Amino acid sequence: MSIDENSLRSARTTFATLCAFLDERDWKYAKDEANLVVNSGARGDDLPMDIRFKVDAETQRVILYSQLPFTVPASKKEAVAVAVCTANDNIITGSFDYDPDKGVIVFRVTNTFMESLLGKDVFEYMLGIACYTVDEYNDKLFTLTQRDISLDQVYAMFSE
């Protein structure tokens, strides 16, 4: 699918606003202007957090991804699936995506800029909610990859 000039211009404007937001906060990041991607990170209470913003001109969305810094072993697939589903039920904005074949968990927050302009406050909210949510759950999810915990215990742990 080809991207029309208006969609591309809107995506570039959104990307510029995102970078301006990060610059105003002296946030360290690497940008890929050709692909409208920003890569960065943050440090929470325990595990490091990977932060990636992607401005998608085709779908007119900005997506923040935060891949958790560990791989889920095959023996823990079921427990992690229950945990991710239960956690997602409690999350108001964003969600965890779990790929059991690759053992990868990613937190994702999406906003559209279709026929609109996103302000810096949207990026502040996206980044804040991602950092808060990932920091809240990453250590619990990592614990599941290290210990044998019953599914009832997993459900109880992530229902809180």
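## Handedness and the model

A crossing of two helices is right-handed if the near helix is turned clockwise from the far one by less than a right angle, and left-handed if anticlockwise. That term is needed for α2 and α4, whose crossing is right-handed. The model described here is predicted.

## Overall layout

The protein chain holds four helices and six strands. Along the sequence, these elements follow the pattern α-β-β-β-β-α-β-β-α-α.

The C-alpha atoms fill a box of roughly 55 × 35 × 25 Å, taken along the principal axes. Of the 160 residues, 43% count as buried. Contacts across the sequence can be described too. Among those between residues at least 6 apart in sequence, 56% join residues at least 24 apart.

## Helices α2 and α4

Helix α2 covers residues 77-90, and helix α4 covers residues 151-159. The two pack at an angle of about 25°. Their axes are 8 Å apart. Angles under 35 degrees count as roughly parallel, and α2 and α4 are therefore roughly parallel to each other.

Which residues of α2 meet α4? They are Glu78, Ala79, Val82, Ala83, Thr86, Ala87 and Asn90. On the α4 side, the partners are Leu151, Val154, Tyr155, Phe158 and Ser159. By class, this contact of α2 with α4 has eight nonpolar, three polar and one charged residues.

## Helices α1 and α3

Helix α1 spans residues 5-24. Helix α3 spans residues 120-146. They pack at an angle of about 65°, with their axes 9 Å apart. That angle makes α1 roughly perpendicular to α3. The crossing of α1 and α3 is right-handed.

From α1, the residues in this contact are Thr14, Thr17, Leu18, Ala20, Phe21, Leu22 and Glu24. From α3, they are Lys120, Phe123, Glu124 and Leu127. By class, the contact of α1 with α3 has six nonpolar, two polar and three charged residues.

Strand β1 runs over residues 29-32, and strand β2 over residues 37-43. How do they pair, in the parallel or the antiparallel sense? They pair in the antiparallel sense, over four bridges. Asp32 stands opposite Val37 in β2.

The two strands form a hairpin with four residues between them.

## Two contrasting residues

Thr133 lies in helix α3. Is Thr133 buried or exposed? Thr133 has a relative accessible area of 4%, so it is buried. Thr133 touches Ile91, Phe96 and Phe107, not counting residues up to four places away in sequence.

Asp101 is found in a loop, between β5 (95-99) and β6 (104-112). Its relative accessible area is 72%, so Asp101 is exposed.

Notes: Residues numbered from 1 in each chain as written. Predicted model: local features only at pLDDT ≥ 70, side-chain atom pairs only at ≥ 80, totals over all residues. Heavy atoms only, no water. Axes fitted to C-alpha atoms, helices over the stretch in contact; angles between N-to-C directions. Parallel < 35°, antiparallel > 145°, perpendicular 65-115°, else oblique. Contact = heavy atoms within 4.5 Å. Nonpolar A, V, L, I, M, F, W, Y, C, P; charged D, E, K, R; others polar. Pairing = 2+ DSSP bridges. Buried < 20%, exposed > 50% of the residue type's maximum accessible area, 1.4 Å probe, protein only.
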